[in-house]
Amino acid sequence: MHIMTVEQLGKSYGEKTLFKEVSFGISKGDRFGIVGVNGTGKSTFLKTIAGIEPIEEGKILRGSQVSVQYVAQEPEFEPHATVLETVLGGRTPEMSAVRAYTELLEQIDEHPDDVELQRRLVKASDDMDRLQAWQLESEAKTILSKLGIHHYQRKVSELSGGQRKRVALAAGLIHQADVLLLDEPTNHVDNETVAWLEALLQKRSGALIMITHDRYFLDRVANKMMELDHGRAFFYEANYTRFLELKADREAREAASEQTRQNILRQELAWIRRGAKARTTKQKARIERYESLVADEPLAKDSSMEMSAASTRLGRKIMEINGLKGEVDGRTLFSDFEYIAVPGDRIGIIGPNGSGKSTLLQIIADKRSPEGGEVILGPTVKLGYFTQEHEEMDESMRVIEYIREAAETVTTAEGQRITAAQMLERFLFQPSMQWTLIGKLSGGEKRRLQLLRMLMTAPNVLLLDEPTNDLDVETLAILEQYLDDFPGIVIAVSHDRYFLDRVAERIWSFEKGQIQVHVGNYSEYMDWLEKNSSDRAGINAPEQQKGGTASAASQETRQERKPKLKMSYKDEREYEQIEGKIAEAESRLERITADMEAAFSDSARLQELMKEQSDAEEQLNALMERWAELAELAEQIEAQKRS
């Protein structure tokens, strides 16, 4: 049963249609992820659902008892309210009782002998009992702590932009609304907190609609996907990975349909050119058919975002970090950090919020001085620094003027010269958009434009501070592709686990005032962390640049203590048979794929085959995972025999 229904919803911005004729139902347990290129109207769509933006076309139906909670990408607050007051804001009796009780406690702290205040406090305590509201304050503080906010009585106006976003997120989570709307909930949130938020939202019983660029987050939380594309909305019963497969299938069918349309159009055009007199009903119908085919032209696809990397030549000496120390307000963030950069370095920086990640980048970029040590850059180094702060832009400038101000052309690694207009088109700024005023762009489009401007300067060392914030997944894909071919070095602060897995080959991890260096991407680092968490006082891995390694004697002792590995009879039988089962599963998948190609015009049959394909893929994945487990066990047994 739907708790909210959207019917034929439409919205325009000037002459641009953001979305039109969007219809769908929302039920308890639905977790929608919304994706689309920046500027397609994702945030506007969410605000319209929340009732913040007026409805231009269509309607939204919901019961009088259905509550909706919206967490904006850039939330606004009452500046004099405290953190706890903001989180506990709301009109429910329980929230009002908690707020009244909290305010009286603060007043009594200032006037402990006031009898009237004490009498009102007793009554407020009774109200808390009656409404069973005692747990709310505790839950609010727990959620705030998980989000890295520990000063509950601090004024919201004193917080940073990232901290305010986390306070807004806490308010959204505590209210237990029937429909929760989240706009980029993972921005300004560290990796550990994102994992906690994932688990919380997975268990949530209410409906959820969220916009996020975090592809792992979408994969693990969303069970439905909505794509906004040139004003149209496409819906998929899938998480992000499955959505990509279904989207590819849809685009392949659309391409086949367009090929058929073009063939018929050519035939009809030839007939028209022969001089049809359009007198008979049959001839009129044929001309109308031609006109209908012309009018049925599909929407233009966005330009390919493939691009070669452009950079300035980099010499042998790149960057040396010697004994680096960073502090904020007298608090040491990191100290004694040593590192020598090598060509091709791909470094991901992780750590809790406030641990000093951005401070480190600022020191490397010479935007602030260290409290100790030094950073020595080579003579050929040309830095490109992309900060997480939104750069001030002259909103009266046009898009192409802003890019040309950085460079008229850029030369790729292959020696190809690309103009500012061509680069803009590759970054999804179509020619019609290039003369648009910057002030008319969405927040994500401005962020994409800033990224392009930085790349147009052809740097050879990239410092990226939370580059995934506010960028759509399509732009992230081109950035990742760009970095694949980039000949210089990349140092990126990011909480986006997918981005770190895709780009990083080393991790700088902020741990207890020290920066530890680990070889591998984020997932490999987490695997190492899980395996070594039980016996580490600090964090020391054999592959770390800092930290010791276990002695040969202690390694031998551990090996002696290991129990002998053995495969059970059941496992042996399964291991003997599993490759045959994998071959059968692969053959089944091939048959289904062939059937899908044959049935592309039969939508009902295609739906059945897509379900079979999904089941077959799950079965094959399960078999492959089990084979990998058994093969690893067999290798360990064999290695034990040899030793």
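So, how many cavities of 30 Å³ or more does the count come to? By the rule I'm using, one cavity. Let me give you that rule: on a 1 Å grid over the protein atoms alone, a cavity is a set of points where a 1.4 Å probe fits but cannot get out, and lining residues have an atom within 4 Å of a point. Grid points are joined across faces, edges and corners, and the volume is the space filled by probe spheres set on those points.

Some housekeeping before we go in. This is a predicted model, so local features need pLDDT of at least 70 and side-chain atom pairs count only at pLDDT 80 or more, while totals for chains, interfaces and linings use all residues. Residues are numbered from 1 along each chain as its sequence is written, and side-chain values use heavy atoms, with hydrogens and water left out.

On confidence, then. pLDDT is the predictor's confidence in each residue, on a scale from 0 to 100. The chain has a mean of 81, and 85% of its residues reach 70 or more. One is residues 303-307, where the model has 20 contacts beyond four places in sequence; contact here means heavy atoms within 4.5 Å. The other is residues 535-562, with 34 contacts beyond four places in sequence. Where pLDDT is low, the predicted coordinates should not be read in detail.

Now the overall picture. We have 20 helices and 20 strands in the chain, taken as DSSP runs numbered from the N terminus, helices being H or I of at least four residues and strands E of at least two. Of the 643 residues, 44% count as buried, meaning under 20% relative accessible area; exposed is over 50%, and partly exposed is in between, with a 1.4 Å probe and protein chains only. Of the contacts with a separation of 6 or more, 67% are between residues 24 or more positions apart.

Back to the cavity. The largest cavity holds about 60 Å³ of space. Its lining includes Ile 34, Val 35, Gly 36, Asn 38 and Lys 42, plus Glu 184, then Ile 211, Thr 212 and His 213, and finally Leu 471, Asp 472 and Val 473. By class that's five nonpolar, four polar and three charged residues. For the record, Ala, Val, Leu, Ile, Met, Phe, Trp, Tyr, Cys and Pro count as nonpolar, Asp, Glu, Lys and Arg as charged, and the others, Gly among them, as polar.

Why does the largest cavity lie between domain 1 and domain 4? Because domain 1 (1-34 + 42-63 + 210-238) and domain 4 (319-533) both give residues to the lining. Those bounds come from an automatic or database domain assignment.

Next, Arg 31, in strand E3, residues 31-35. Arg 31 is buried, at 15% relative accessible area. Leaving out residues up to four places away in sequence, Arg 31 touches Leu 201, Gln 202, Leu 208, Val 221, Ala 222, Asn 223 and Lys 224. Its C-alpha is 9.5 Å from that of Arg 204, 173 residues along the chain.

Ala 238 sits in the loop between E9 and helix H9 (240-273), and it is buried at 5%. C-alpha to C-alpha, Ala 238 is 9.6 Å from Gly 33, although 205 residues separate them in sequence. Beyond four places in sequence, its contacts are Ala 222, Asn 223, Lys 224, Met 225, Phe 243 and Leu 246.

His 230 isn't a glycine, yet its phi is positive, about 50°. You'll find His 230 in the loop between strand E8 (224-229) and strand E9 (232-236), partly exposed at 33%. Asp 470 also has a positive phi, about 70°, and isn't a glycine. Asp 470 is in the loop between strand E17 (461-465) and helix H15 (473-485), and at 8% relative accessibility it counts as buried.

Last stop, the helices. How many of the eight residues of H11 are buried? Six, so that helix, residues 357-364, is mostly covered. The buried ones are Lys 357, Thr 359, Leu 360, Leu 361, Ile 363 and Ile 364. After H11 comes Asp 366, with a positive phi near 65°.

In helix H14, residues 443-456, look at Gln 450. Gln 450 is buried at 5% relative accessibility, and beyond four places in sequence it touches Phe 386, His 390, Glu 391, Met 393 and Tyr 402. Val 122, in helix H4 (115-131), is exposed at 52%.

Definitions and conventions. 1 Å grid on protein atoms, 1.4 Å probe; cavity = no way out; pocket = protein on both sides within 12 Å on 5 of 7 lines; lining within 4 Å.
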